[in-house]
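Welcome! Let us walk through this structure together, one feature at a time.

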Amino acid sequence: MDTRSITRLYYLLTAMFTFGISLTVTTYTLFLMHRGLNLFEVNAINCFFHTSVLLLEIPTGAIADVFGRRRSVVMSYALFGLGIAIYSNAWGVTGFLLAEFVVALAWTLQSGAFNAWLVDELKARGQVNHLSIFAKRNQIGQ
């Protein structure tokens, strides 16, 4: 795979991921309230997610360093799917907390590994200028 194909794939995965997150967050609160939670519980679950991300960021970065960035990214997408499956079957606070923890773990597994994977692939092919790629990624993400 050449650098152009790698870059296009990176942009495509970025767009798909951002689109999926955008669809989710627009209905997140309404979904949880429809499942019987009040605003305090919704915010407590959201706070649990962000705390989990904070606590899991460093250990999952080590996982990516030890086992490889590709495995970390693939594992994160599998966990995103599992988290969504748990969400779709949950009706109480406990179920949503479990789903949030799984999604937080998935989030941290891919957070730095996805970009590092791209950099590693481009460096292996002799391309070291990746800042313009990240700039365009931010445009796609917005």
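Rings of Phe, Tyr and Trp (its six-membered ring) count as a pair if their centres lie within 6.5 Å; planes under 30 degrees apart are called stacked, over 60 edge-to-face, and the rest tilted. Before we use that, two notes on the model. It is a predicted one, in which local features need pLDDT of at least 70 and side-chain atom pairs count only at pLDDT 80 or more, while totals for chains, interfaces and linings use all residues. Residues are numbered from 1 along each chain as its sequence is written, and side-chain values use heavy atoms, with hydrogens and water left out.

Now to the rings. A search of the whole structure turns up twelve aromatic pairs. In one of them, Tyr10 and Tyr11 have ring centres 6.2 Å apart and planes at 55°, so this pair is tilted. Tyr10 and Tyr11 are both buried, a word used for under 20% relative accessible area, with exposed meaning over 50% and partly exposed anything in between (1.4 Å probe, protein chains only).

Another pair is Phe49 with Trp107: the ring centres are 6.4 Å apart and the planes meet at 85°, so the arrangement is edge-to-face. This pair links distant parts of the chain, with Phe49 in helix H2 and Trp107 in helix H4 (residues 93–111), 58 residues apart. Helices here are DSSP runs (H or I, at least four residues), numbered from the N terminus. Are the two partners buried or partly exposed? Phe49 counts as buried because its relative accessibility is 12%, whereas Trp107, at 29%, counts as partly exposed. Ring pairs also join Phe49 and Trp107 with Phe17, Tyr77 and Phe80 into a cluster.

A ring can meet a charge, too. Arg35 lies over the face of Trp91, at 4.1 Å from the ring centre; for this, CZ of Arg or NZ of Lys must be within 6 Å of the ring centre and within 35 degrees of the ring normal.

Let us stay with helix H2, which spans residues 39–67 and includes Leu39. Leu39 has a relative accessible area of 49%, so this residue is partly exposed. Leaving aside residues up to four places away in sequence, Leu39 touches Thr29 and Met33, where contact means heavy atoms within 4.5 Å. Thr29 is ten residues from Leu39 in sequence and 8.1 Å away in space, C-alpha to C-alpha. Ser52 also belongs to helix H2, and it is buried because its relative accessible area is 7%.

Next come the charged side chains. How many salt bridges does a search of the whole structure find? There are four, each a side-chain nitrogen of Lys or Arg within 4 Å of a carboxyl oxygen of Asp or Glu. Asp65 bridges to Arg69, with the closest N and O atoms 3.3 Å apart. Asp65 is exposed, at 57% relative accessibility, while Arg69 is partly exposed, at 24%.

Terms used: Helix = DSSP H or I, 4+ residues; strand = E, 2+ residues; numbered from the N terminus.
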